[in-house]
Amino acid sequence: MAISHGIPLRGKSGSTEKIFCANCIHCKLVRDQRGSADQYYLRVRCAAGKWRKKLGEEKIYKYFTVARRSLDYCENYEPMGDAKDYIRELKKTLPIKDEVYSQASS
Ligand code: SF4
């Protein structure tokens, strides 16, 4: 997973097993501004445009669910490292629910 301006959170090559989107360069962490101007939620999106709703609209996911985004194959997958270790560490640090963040604390 990378932050919205494309800086990878980590790197290394992946395996041939299940693909985790969180380990892909196209998986971007973005802020979703809600309500008060200084508060936001964290969301993840696929910058390669692979996450779509039935009618074609882009689908974004809540950050705390990102470790669940997996595929058997994706033609646009660009691994940033060893997925197994990364996902294990990511699961330890992800929030357990959707959380509100504030500009002051970021
Ligand atoms: S390009 Fe494929 S593997 Fe990468 S984030 Fe998008 S859907 Fe996931």
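**Exercise 1. Find out how confident the predictor is along the protein chain, and where confidence is lowest and highest.**

Start with the whole chain. This is a predicted model, and the protein chain has a mean pLDDT of 86, with 83% of the residues scoring at least 70. Next, go element by element: strand S1 (residues 2-3) has the lowest confidence, with a mean of 62, while strand S5 (residues 61-62) has the highest, at 98. Now look at residues 5-15, where the pLDDT is below 50; this stretch still makes 23 contacts in the model beyond near neighbours in sequence.

**Exercise 2. Work out which elements the protein chain has and in what order they run.**

Count them first: there are one helix and seven strands. To see how the chain folds back on itself, take the contacts between residues at least 6 apart in sequence: 64% of them join residues at least 24 apart.

**Exercise 3. List the strands that pair with S4.**

Begin with S3 (residues 27-33). S3 and S4 (residues 39-46) are antiparallel partners, joined by seven bridges. One of the pairs to look for is Gln33 with Tyr40 of S4. Five residues sit between the two strands of this hairpin, and Gly35 there has a positive phi near 55°.

Move on to strand S7 (residues 100-102), which pairs with S4 in the antiparallel sense through three bridges. Here Gln39 faces Ser102 of S7.

Finish with S5: two bridges link it to S4, again antiparallel. Val44 has Tyr61 of S5 as its bridge partner.

**Exercise 4. Is His26 buried or exposed, and which residues does it contact away from its own stretch of sequence?**

Locate His26 first: you'll find it in the loop between strand S2 (19-20) and S3. Then count what surrounds the residue. His26 has 20 other C-beta atoms within 10 Å, and the cut-off for buried is 20 or more, so His26 is buried. Now skip the neighbours within four places in sequence; the contacts of His26 are then Cys46, Ala47, Ala48, Asn76 and Glu78. Check one of these for distance: Ala48 is 22 residues away from His26 along the chain, yet their C-alpha atoms are 5.9 Å apart.

**Exercise 5. Describe the residues around the ligand.**

Name them first: Ile19, Cys21, Cys24, His26, Cys27, Cys46, Ala48, Lys50, Leu71, Cys74, Asn76 and Tyr77. Then sort them by type, which gives nine nonpolar, two polar and one charged.

**Exercise 6. Find the largest nonpolar core and the elements that give two or more residues to it.**

Pick out the twelve residues: Phe20, Cys21, Ala22, Cys24, Cys27, Val44, Cys46, Tyr63, Val66, Met80, Ala83 and Tyr86. Then assign them to elements: S4 and helix H1 (83-93) each give two or more. As general background, nonpolar side chains tend to be buried together in soluble globular proteins.

Definitions and conventions:
Residues are numbered from 1 along each chain as its sequence is written. This is a predicted model: local features need pLDDT of at least 70, side-chain atom pairs count only at pLDDT 80 or more; totals for chains, interfaces and linings use all residues. A residue is near a molecule or strand if its C-beta atom, placed from the backbone, lies within 6 Å of it. Ala, Val, Leu, Ile, Met, Phe, Trp, Tyr, Cys and Pro count as nonpolar, Asp, Glu, Lys and Arg as charged, and the others, Gly among them, as polar. Two strands pair if DSSP finds at least two bridges between them. Helices (H or I, at least four residues) and strands (E, at least two) are DSSP runs, numbered from the N terminus. pLDDT is the predictor's confidence in each residue, from 0 to 100. Two residues are in contact if their C-beta atoms, placed from the backbone, lie within 7 Å. A nonpolar core is a set of buried Ala, Val, Leu, Ile, Met, Phe, Trp, Tyr and Cys residues joined through C-beta atoms within 7 Å.
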